[in-house]
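Hi everyone, thanks for coming. I'd like to walk you through one structure today, piece by piece. Have a look at it first, and then we'll start.

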Amino acid sequence: MAWTPPTKHLKKKELVSYARFYRLLSEQTNFMDPNAVARFYMGLIVVIDQELRRNKFIRLPVIGDLALVRQKARPAWVGRTHCIIDGREVLKFYPKESFREHYNKRQPPIQA
């Protein structure tokens with residue numbers, strides 16, 4: 001069975017549209033032109049893509065690291081046949097400790 005993202009159950013109104021995302025990003029950059037913000041954002045995506053293709057790793061300051069990690073080969077059932085699925089590269093995100101702590105502080109304390 002294919003994996004579906006946990007955002008599938010969200011209604012459209014709860015998700016940020018492209019126009020609203022660029023507008024919010026524009027507000028954070030002192031009301032820069034939303035088209036310029038969109039071009040900058042797409043440039044960032046291109047840089048990330050090129051670095052992942054070249055080095056399979058990129059460090060994003062303040063946020064964390066993105067890496068293409070090779071998964072191990074694993075057994076699987078294909079119909080009634082038992083076979084081995086070859087390893088493949090998957091994208092992993094490793095947040096910086098300070099970034100993780102920022103969001104962990106917002107959680108209520110663990111109660112026993």
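Let's begin with V78, which counts as exposed because its relative accessibility is 51%, and exposed here means over 50%. You'll find V78 in strand β3, which covers residues 74–78. Now pick out G43 too: V78 and G43 are 35 residues apart in sequence, and their C-alpha atoms are 41 Å apart in space. Before I go on, please keep in mind that this is a predicted model.

Okay, a second pair of positions. Q28 is in helix α1, and at 68% relative accessibility Q28 counts as exposed.

R39 sits in helix α2, and R39 is exposed, with 59% relative accessibility. Take R39 together with Y22: they're 17 residues apart along the chain, and their C-alpha atoms are separated by 9.9 Å.

Next up, the pocket. Which residues line the largest pocket? They are Y41, L44, I45, I48, L60, P61 and I63. If you sort that lining by type, you get 7 nonpolar residues, no polar ones and no charged ones. The volume of this largest pocket is about 170 Å³. Which element gives the most to the lining? That would be helix α2, residues 34–55, which puts in 4 residues.

V16, F21 and L24 make a nonpolar surface patch of about 220 Å². One of the three, V16, lies in the segment before α1, the helix that covers 18–28. Is V16 buried, partly exposed or exposed? With a relative accessibility of 45%, V16 counts as partly exposed, because that class runs between the 20% limit for buried and the 50% limit for exposed.

Now for the charged side chains. There are 6 salt bridges by the count used here, and I'll show you some of them.

Start in helix α2 with E51 and R54. Their side chains meet in a salt bridge, at 3.1 Å from N to O. Both residues lie in that helix, 3 residues apart, which is about one turn of the helix. The two partners don't fall in one exposure class, though: E51 is partly exposed, with a relative accessible area of 22%, whereas R54 is exposed, with 58%.

The next bridge joins K56 and E89, and here the closest N and O atoms are 2.2 Å apart. What does this pair tie together? K56 is in the loop between α2 and β1, and E89 is in strand β5, residues 89–95, so the bridge ties together parts that are 33 residues apart in sequence. K56 counts as partly exposed at 36% relative accessibility, and E89 is partly exposed as well, at 33%.

Phi of K56 is near 60 degrees, a positive value in a residue other than glycine.

Where else can you find a positive phi in a residue that is not a glycine? Look at F31, with a phi of about 55 degrees. F31 is placed in the loop between α1 and α2. Is the F31 side buried or exposed? At 64% relative accessibility, F31 counts as exposed.

One more bridge before I stop: the side chains of D65 and R59 meet at 2.8 Å, N to O. Here's the contrast I'd like you to notice. D65 is buried, with a relative accessible area of 13%, because buried means under 20%. R59, on the other hand, counts as exposed at 56%.

So, a quick recap while the picture is still up. We've seen a largest pocket with a lining of 7 nonpolar residues, and a nonpolar surface patch made by V16, F21 and L24. We've also seen salt bridges, including the one between K56 and E89 and the one between D65 and R59.

Notes: Residues are numbered from 1 along each chain as its sequence is written. This is a predicted model: local features need pLDDT of at least 70, side-chain atom pairs count only at pLDDT 80 or more; totals for chains, interfaces and linings use all residues. Side-chain values use heavy atoms; hydrogens and water are left out. On a 1 Å grid over the protein atoms alone, a cavity is a set of points where a 1.4 Å probe fits but cannot get out, and a pocket is an open set with protein on both sides within 12 Å along at least five of seven lines; lining residues have an atom within 4 Å of a point. Grid points are joined across faces, edges and corners, and a volume is the space filled by probe spheres set on the points. Helices (H or I, at least four residues) and strands (E, at least two) are DSSP runs, numbered from the N terminus. Ala, Val, Leu, Ile, Met, Phe, Trp, Tyr, Cys and Pro count as nonpolar, Asp, Glu, Lys and Arg as charged, and the others, Gly among them, as polar. Patches are made of residues with over 30% relative accessible area and no salt bridge: like charges are joined within 9 Å, nonpolar side chains (Val, Leu, Ile, Met, Phe, Trp, Tyr) within 5 Å. Accessible areas come from the Shrake-Rupley method with a 1.4 Å probe; for residues, only the protein chains shown count as cover. A salt bridge is a side-chain nitrogen of Lys or Arg within 4 Å of a carboxyl oxygen of Asp or Glu. Buried means under 20% relative accessible area, exposed over 50%, partly exposed in between (1.4 Å probe, protein chains only).
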